[in-house]
Amino acid sequence: MDEQASKKQWNGKSRGGALGTWFFVATLKYFGVRAAYLLLALVAPYFVIFAPKARHAVYSYNRNILHYSRLKATLMVAKHFYIFGQTIIDKVALKHGISKSFSFSFDGYEPFVELLNSGRGTMIIGAHVGSWEVGGPFFCQYGNKMNIAMLDAEYEHIKNIIDKGANSTNYKIIPLSESDGLDAVLKIKIALDNGEYVCLQGDRYIDAMNSTSLTFMGRKALFPKGLFQMAAKLNVPVVFYYALRNKHRHYNFSFQIAKIDGISAQQRFEQITQQYVESLEKVVTQYPQQWFNFYDFWQIE
């Protein structure tokens with residue numbers, strides 16, 4: 001299973017590259033959001049053709065998990081890539097202050113803010129669904145206490161292109177590394193002990209040996225164990241956060257505070273993981289084409 005999992009797991013890289021990112025940023029700045037969407041309609045087929053592993057994963061997801069017909073599953077591959085591109089365009093547009101074309105709504109925001117104001121270190125767990133980054137402007141004064149933990153082999157190069165000329169943010173980045181995982185753990189613990197907030201994605205594991213098998217969308221899948229164990233051991237509040245795209249460039253932000261009453265760390269771990277998977281499954285069921293994990297996520301049974 002270890003060898004098989006190593007072939008299936010995510011490699012830390014986002015789809016697309018620096019050149020493509022720069023091209024879309026330039027189009028947005030000079031021609032606007034609609035022009036970027038039009039360009040996307042021409043670019044999306046490229047990934048359908050020349051990204052075979054991602055294409056296979058998306059098709060398998062639509063065919064075997066969503067149980068679409070072969071024809072519909074095939075058609076959904078192109079739609080999936082297109083919607084993914086839209087969320088990237090939206091993220092860049094908002095970072096550059098192009099917000100008039102967008103509208104927003106919030107679920108569970110007031111309890112979430114009350115928790116942030118409590119002074120307790122809080123772990124905010126999201127997923128690669130929708131576009132969590134579009135919510136950045138709404139964190140306002142909480143930004144200087146936000147720590148984004150992420151692993152992306154191309155992050156720094158692409159981030160520099162996106163951020164050039166964009167509205168500045170005061171979030172801190174905690175880089176996740178396979179070779180130096182202890183350093184990231186220490187930084188996360190320090191941030192939480194200082195009453196800050198740590199944001200992570202809960203639907204991608206780095207090391208199959210440090211993963212947990214859970215039932216998700218009716219099939220067994222591997223989820224990262226470490227971040228849930230850390231939340232349980234430190235006994236900090238946990239919030240599940242998603243930002244989902246709707247029609248007419250409308251985003252809905254959802255904040256769900258996990259109910260944790262376990263006495264032992266193991267009990268808290270089980271409660272957090274189960275609630276997370278249930279919340280993610282609800283979101284993915286409602287927005288099936290906005291779950292952007294471009295690799296074979298489910299275990300072969």
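The helices α3 and α5 cross in a right-handed way. That comes from a predicted model, so treat what follows as a tour of a prediction. Helix α3 covers residues 33-50 and helix α5 covers residues 70-95, and their axes come within 9 Å and cross at roughly 140°. That makes α3 oblique to α5, since angles have to be over 145 degrees to count as roughly antiparallel.

**Where α3 meets α5**

- On the α3 side, the residues in contact are Val-33, Ala-36, Tyr-37, Leu-40, Ala-41, Ala-44, Phe-47 and Val-48.
- On the α5 side, they meet Val-77, Ala-78, Phe-81, Tyr-82, Gly-85, Gln-86, Ile-89, Asp-90 and Ala-93.
- Sort the residues of this contact by class and you get 14 nonpolar, two polar and one charged.

**Where α4 meets α5**

- Helix α5 also packs with helix α4, which spans residues 52-65; the angle is about 130° and the axes are 8 Å apart.
- α4 and α5 are therefore oblique to each other, and their crossing is right-handed.
- From α4, the contact uses Ala-54, Arg-55, Val-58, Tyr-59, Tyr-61, Asn-62 and Arg-63.
- From α5, it uses Arg-70, Ala-73, Thr-74, Met-76, Val-77, His-80 and Phe-81.

**Where α9 meets α10**

- Next up is helix α9 (residues 226-234), whose axis comes within 8 Å of the α10 axis and crosses it at roughly 130°.
- So α9 and α10 are oblique to each other, with a right-handed crossing.
- In α9, the residues to look for are Phe-228, Gln-229, Ala-231, Ala-232 and Lys-233.
- In α10, their contacts are Ala-265, Arg-268, Phe-269, Ile-272, Thr-273 and Tyr-276.
- The class count for this contact of α9 with α10 is seven nonpolar, two polar and two charged.

**The sheet**

- Now for the strands: seven of them make an open sheet with mixed pairing, and going across you pass β1, β9, β8, β2, β5, β3 and β4.
- Which strands sit at the edges? They are β1 (103-107) and β4 (172-175), each pairing on one side only.
- On average, neighbouring strands of the sheet are turned by 25° against each other, ignoring direction.
- Helix α10 (residues 265-286) packs on this sheet and touches β2, β8 (238-246) and β9 (250-257).
- The direction of α10 makes about 10° with that of β8.

**How the strands pair up**

- Strands β1 and β9 run parallel and are joined by five bridges; Asp-107 has Ser-254 in β9 as its bridge partner.
- Strands β2 (residues 122-126) and β5 (residues 197-201) also run parallel, with five bridges between them.
- To spot that pairing on screen, find Ile-125, which stands opposite Leu-200 in β5.
- Strands β8 and β9 are antiparallel and pair over eight bridges, and here Phe-240 has Gln-256 in β9 as its bridge partner.
- β8 and β9 form a hairpin with three residues between the strands, where His-248 takes a positive phi near 60°.

**Aromatic rings**

- Searching the whole structure turns up 28 aromatic pairs.
- A pair of aromatic rings is described by how far apart the centres are and by the angle of the planes.
- How are the rings of Phe-104 and Phe-253 arranged? They are stacked, at 5.8 Å centre to centre with 20° between the planes.
- Phe-104 lies in strand β1 and Phe-253 in strand β9, so this pair ties together parts that are 149 residues apart in sequence.

Notes
Residues are numbered from 1 along each chain as its sequence is written. This is a predicted model: local features need pLDDT of at least 70, side-chain atom pairs count only at pLDDT 80 or more; totals for chains, interfaces and linings use all residues. Side-chain values use heavy atoms; hydrogens and water are left out. Two strands pair if DSSP finds at least two bridges between them. Helices (H or I, at least four residues) and strands (E, at least two) are DSSP runs, numbered from the N terminus. Axes are lines fitted to C-alpha atoms, for helices over the stretch in contact, and angles run from 0 to 180 degrees between N-to-C directions. Contact means heavy atoms within 4.5 Å. Angles under 35 degrees count as roughly parallel, over 145 as roughly antiparallel, 65 to 115 as roughly perpendicular and the rest as oblique. A crossing is left-handed if the near helix is turned anticlockwise from the far one by less than a right angle, and right-handed if clockwise. Ala, Val, Leu, Ile, Met, Phe, Trp, Tyr, Cys and Pro count as nonpolar, Asp, Glu, Lys and Arg as charged, and the others, Gly among them, as polar. Rings of Phe, Tyr and Trp (its six-membered ring) pair if their centres lie within 6.5 Å; planes under 30 degrees apart count as stacked, over 60 as edge-to-face and the rest as tilted.
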